[in-house]
Amino acid sequence: MKMRAFRFIWLWLVPLFFGVIGPAEAGGDYSLEAAYSQIMQGGEYRRHLTGAKHRVAVFSFEDPQNTGRGNDVALLMARHILFSNSYLPIGVLNFKQDLAPAQPGDLSYFDKVDRVIKEEKVTMAVWGRVLPLGDRLLIDTYIQLPRETIKEFFRLRISLPKAMGGKILQAHIRPDRIHVQRISCDVAQQMALIDFANFMRELRQSPDLNSKVVGNIPQDKTFTIVTRKPDWIQVQIRGGSRGWMPEIIDFEGLPLFAAASFASGVFGFAANGGGYVKQGPDLTPEAIAVADQLKLLHGVYTLTRDRGQEIIRRWIGPQRQTGRDPSTGIDYGEGNPPGGAAFANLQALALIADSLWKCGRAKMAGGFSREEIKKTIEETLSRSLPKKEADRISNRISKKLEKIPANIMEGNLDDFFLDKIDKELYTSVKGEKAADLYGALKEAVVAPIHDGCKLDPGYVRDIATQLAQSSLEDPGNVDVLNNLAVLFDYLGDVERKNLAETIAAQVSASQ
Amino acid sequence: MANARLPSMAKHILPYNLAKVSWCLIGCALWWIFLAVPAAGQTLLNGQVADAVTKAPIPGATVRLVKGDQELGSASSDTNGRFLLSCELPRADQPQNFTLALEHPEFLKISLTVQTVGGKFTQDAYGVQLLPRELLHCRPEKGHCVVIGYFTPPMETAYTDLSRRIADALNFDLLTRLQKFHLQSNLQPVFWACEEAKPRALTHGKYFAQALKADVFIWGNVKKAATGVDIRTVVSDSYGLFELPLSSINQNVDLNDPLAAQLHPETHAAVVAALAAGYEKEERFAQGIEATLLADKLLADAKTKPPELIDEIKKIRGRCQARLPHQQLLPGEGK
């Protein structure tokens, strides 16, 4: 059996340097029925692995023909997510038992998963189904993102200038229930799947493939990652033994790897406040669409520049890409894009943001003092961070500021913020706090330049019309309706503003 | 010659028969008067009862008119399924409601409310359909439903439970897709296996769907093939979407293989299109649109794309979009 381990050398060196190895852990075989019964009975729900900041629930894949492969696939998914993100304080919960309705009309599949993960407050859920068809095995993989995760981690916001009302336009990724992959495995791939899964259950005495197997990781036990060496990790089973397993996250020859990689990437995006989600020919158009949206959510800069526009044009408009790209093999599907009006909404934000940028740039043509900017950055950071940390970060930003030539400063202050401060903050201050600080800095430094900007109402009306048209194709898209309310407010169209708000409220209540 | 003979025959026959005929006529007139003209205080209720699936008339059905615990009249249906019930109604100027109860040993009982105004029934005639007794457990009590009926087996092959296996397969294949756009649980269809539902003609599929109050009725047959069997699936809906039921074939399958229960994408699309029609009927236009978009996606994977189905999907979506409140957000669409 040929294996290839992915090297995270810098990942384990960095936490060692800082004396931090994320207490990533996994817990096994929680009963879905017990969890569901507890929820239906009401009262306080007992959550699992509450010590982990970011948690993912992996459900045994549905296995109606009892092939045993449902558990194997779930195990490989869980291991991949754990190993890909093991430098973070994450917890992987493994649930067993069926998602299919016990009686016709019972809660099932996505709805049932939703109910459990809402109580568990996890960041993401993974589930699916395996079904033997002849001598092949069909595997469907889904990921599901709770509403709270979407709101917190998968969003983009643009503040309109004060002259335009100062309200916020926003976009969140869609869909939140994603069919990631459907693959049909031949006999050889099925055997490889079984071998990998068994291999990933074994604990060895030392980090060596030839070392003695000291046991299997019991399915119902929680284990924690203790330490790592290149290509190996040591785990401690709670209340049990300690041993080594290879840090394998590439199941060579198995297209399942693409789904596992996608799930790990999406989870990592939430846990890190950004990141790259790999695309490939083994994913559904829906998964590709979500990965593309995540690229755009990185920031307004990506959204408005050529790269972002190219991404959006793949999905909407006359240049909609359909079918498989012959060069990459990526399938973009046909017809309406996955996610409904998600790309149309992002395009509306891109057009507005781009126009505001041009307006701001025109205003900056006169240039202004670097010293003023540095001072504003120091003041803003010191309001939110301890003095030592605020001074450290503002010094680093200021040094970057010094290196930018004056003529570039005049035209590119916004780019500077979007590129450099963004990266600096996310390295120094993670997650939600970084996003808040970024917003505060932009507000303090860039906003005064933009606050006087006011877009041509005719232009905004055209954008609103296109957005309203897209809402007919995706009537449940609350972002589109809320954004329409904001735009109509700016246009002074009170009737349509109120209508958009009313419909948005009704849709939100029904979902 | 015939003409010459007639007068003498007439002399002989006519006086006797004229008398007889006259008495017959008078008797008939009296009979009609007796039956058709109610006695003072009597009201007539007339109707016809038929099989909900085959539409054949049901003779010998018992029909009773009831108010509370009191039976006001009863009748039996004739060979054409027709009944004429005479009853004495309490005098009242206000509209009154009564219960019309029908039963037959081979059919499920039914009761419906009938109304009188000024002592007369508000309808000239009542058409009632009874569900065959064997279909008692053929649908859930309420909500959207897809009923999977009987699949006629080949003579040589024994198999079990194809309806249930198809229902289970549809549970995963379609419920997961419908849940993806957060369709509320009370709008999600139940996939219900009913081996007792055995259509005898192509048109019966639609009648089964309507009689069982299901959005869709699926049935078919199994034939021996070169390897394994060929399974023909036929889809009918309640809403008249398909002039002829939609048919597709799974060829050369092993009946024991789960593949036998997997329906083609165009069949899935037809089921979802019928659900969309159901949502439209309930004025749930957003859900109707979402379902049509799903039907489009399913058809994108289909090898055959029936043009009539594509057309119906577009029409449903167009009608639903026209009724959405979102329409008022477009410029020029004043309130």
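User: How many salt bridges does the structure hold over all chains?

Analyst: The structure holds 26 salt bridges over all chains. This is a predicted model, where local features need pLDDT of at least 70, side-chain atom pairs count only at pLDDT 80 or more, and totals for chains, interfaces and linings use all residues. Side-chain values use heavy atoms, without hydrogens and water.

User: What makes the contact of Asp72(A) and Arg69(A) a salt bridge?

Analyst: The rule asks for a side-chain nitrogen of Lys or Arg within 4 Å of a carboxyl oxygen of Asp or Glu. Asp72(A) and Arg69(A) meet at 2.8 Å, N to O. That is within 4 Å, so the pair counts as a salt bridge.

User: Where do Asp72(A) and Arg69(A) lie?

Analyst: Both lie in helix H3 (residues 69-84) of chain A. They are three residues apart, about one turn of the helix. Helices here are DSSP runs (H or I, at least four residues), and strands are too (E, at least two), numbered from the N terminus.

User: Which salt bridge does the rule find across the interface of chain B and chain A?

Analyst: The rule finds one there. Lys180(B) pairs with Glu286(A), with the closest N and O atoms 2.6 Å apart.

User: Which elements give two or more residues to the side of chain B that touches chain A?

Analyst: They are helix H2 (162-180), strand E10 (190-193) and helix H5 (285-300) of chain B. H2(B) gives the most, with seven residues.

User: How many residues are in contact between chain B and chain A?

Analyst: Contact means heavy atoms within 4.5 Å. By that rule, 33 residues of chain B touch 43 residues of chain A. The buried area is about 3400 Å², and carbon and sulfur atoms give 61% of it. Buried area is the accessible area (1.4 Å probe) that two parts lose on being put together, summed over both.

User: What makes strand E1 of chain B and E4(B) a pair?

Analyst: Two strands pair if DSSP finds at least two bridges between them. E1 (residues 42-51) and E4(B) have seven, in the antiparallel sense, so they pair. Leu45(B) stands opposite Leu85(B) in E4(B).

User: Why do strands E4 and E8 of chain B stand at the edges?

Analyst: The open sheet has three strands in the order E4-E1-E8 (chain B), with mixed pairing. E4 (82-88) and E8 (126-130) each have a single partner strand, so one side of each is left without a neighbour in the sheet.

Notes:
Residues numbered from 1 in each chain as written. Chains lettered and ligands numbered in written order.
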